[in-house]
Amino acid sequence: MASRSKSAFKKASKNEILRPLLLSAIGLLSSVSVQSDGPAGDVSEDYMVVEARAQTRAFAQGLKETLMQGMKSEGPLAAIQFCNTEAPEIAAAHRKDGWEVGRTSEKLRNPNNAPDAWESAVLESFAQRAAAGEPLATMEASSREDGTFRYMKAIPVGGPCVVCHGEQLAEPVATRLSELYPEDNARGYQPGDLRGAFTLTYTFEKQ
Ligand code: HEC
């Protein structure tokens, strides 16, 4: 009799020890997910950079597919229309789970893409890093403050881009761009130039 109740007591006390351990393990796991309501301070900047890269890839892929589809099926004039209406929509579609995505540049086509102070500073540093010989393909920057995480990735000019961002634009392309963007400043680029950057912001859930 006495020994049975003793082992029951032993079991109970084991559970008392295990439960807090288990809870803290679950707590650790959920704080790793950026979508949890765990404390913002628990997620490392490195982890956020990995997340941001994945978000950027998905956004860039969406833009590229739309652009190439437009160029192939109907040529650059239709593709301009695509960029004009679809680029902001694609950005809006990727605005989810706490993330905001967009593109910015020092030489803008669409004034809505204007950089804020942090973005201006990063664009400036990207230009300097490129001048110092760093490849654009892997150039990125991040920062974390006041419940937000921010990330930027350089966008190089590729071959197809000069149809609409190059030095010599075909007449109908130049005319259409000027109609849509009277203050278009995003021309005169050559392949390999720094065109601008993807810019992402993640807002951590408030406690
Ligand atoms: C068919 C024409 C066309 C081609 C080709 C094109 N773009 Fe653009 N690009 C545009 C238009 C139109 C906008 C403005 C979109 C908007 O209103 O948000 C734009 C905007 C941008 C922006 C946003 C910053 C800004 O100036 O407003 C970046 C960055 C950019 N393009 C990069 C590229 C890159 C890199 C390529 C090649 C892979 C490329 N573009 C090819 C027409 C084009």
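This is a predicted model: local features need pLDDT of at least 70, side-chain atom pairs count only at pLDDT 80 or more; totals for chains, interfaces and linings use all residues.
Asn84 is part of helix α2; helices here are DSSP runs of H or I with at least four residues, strands are runs of E with at least two, and both are numbered from the N terminus. Asn84 and Leu180 are separated by 96 residues in sequence, and their C-alpha atoms are 8.0 Å apart in space.

Residues are numbered from 1 along each chain as its sequence is written.

I turn to the overall architecture. The protein has five helices and four strands, arranged along the sequence as α-α-β-α-β-β-α-α-β. Of its 207 residues, 22% count as buried. Among contacts with a separation of 6 or more, 68% join residues 24 or more positions apart; a contact requires C-beta atoms, placed from the backbone, within 7 Å.

Next, the ligand. Which residues are the closest to the ligand? They are Ala79, Arg109, Asn110, Cys161 and Cys164, in a shell of 25 residues. By class, the shell holds 15 nonpolar, seven polar and three charged residues. Here Ala, Val, Leu, Ile, Met, Phe, Trp, Tyr, Cys and Pro count as nonpolar, Asp, Glu, Lys and Arg as charged, and the others, Gly among them, as polar.

Strand β4 also takes part in the sheet pairing. Eight of the ten residues of β4 are buried. Strand β1 (residues 99-104) pairs with β4 in the antiparallel sense over six bridges, where pairing requires that DSSP find at least two bridges between two strands. In that pairing, Glu100 has Thr201 of β4 as its bridge partner. Strand β3 (residues 148-156) is likewise antiparallel to β4, over nine bridges, and Pro156 is bridged to Leu194 of β4. β2 and β3 pair in the antiparallel sense over six bridges, with Glu140 opposite Lys153 in β3. Their hairpin has two residues between the strands, and Asp146 there takes a positive phi near 45 degrees.

Finally, helix α3. Are Glu119, Val122, Leu123 and Phe126 of α3 buried or exposed? These four are the buried residues of α3. They cover an arc of only 105 degrees around the axis, so they lie on the same side of α3; the arc is taken over the directions from the helix axis to the C-beta atoms. In general, an α-helix has 3.6 residues a turn, so residues three or four places apart point the same way. The cover over the buried residues of α3 includes β1, β2 (140-145), β3 and β4. The face turned away from that buried side carries the exposed residues Ala117, Glu124, Gln128 and Ala131. Just after α3, Gly133 adopts a positive phi of about 105 degrees.

How values were computed: A residue is near a molecule or strand if its C-beta atom, placed from the backbone, lies within 6 Å of it. A residue is buried if 20 or more other C-beta atoms lie within 10 Å of its own, exposed if 12 or fewer, and partly exposed in between; C-beta atoms are placed from the backbone. Two residues are in contact if their C-beta atoms, placed from the backbone, lie within 7 Å.
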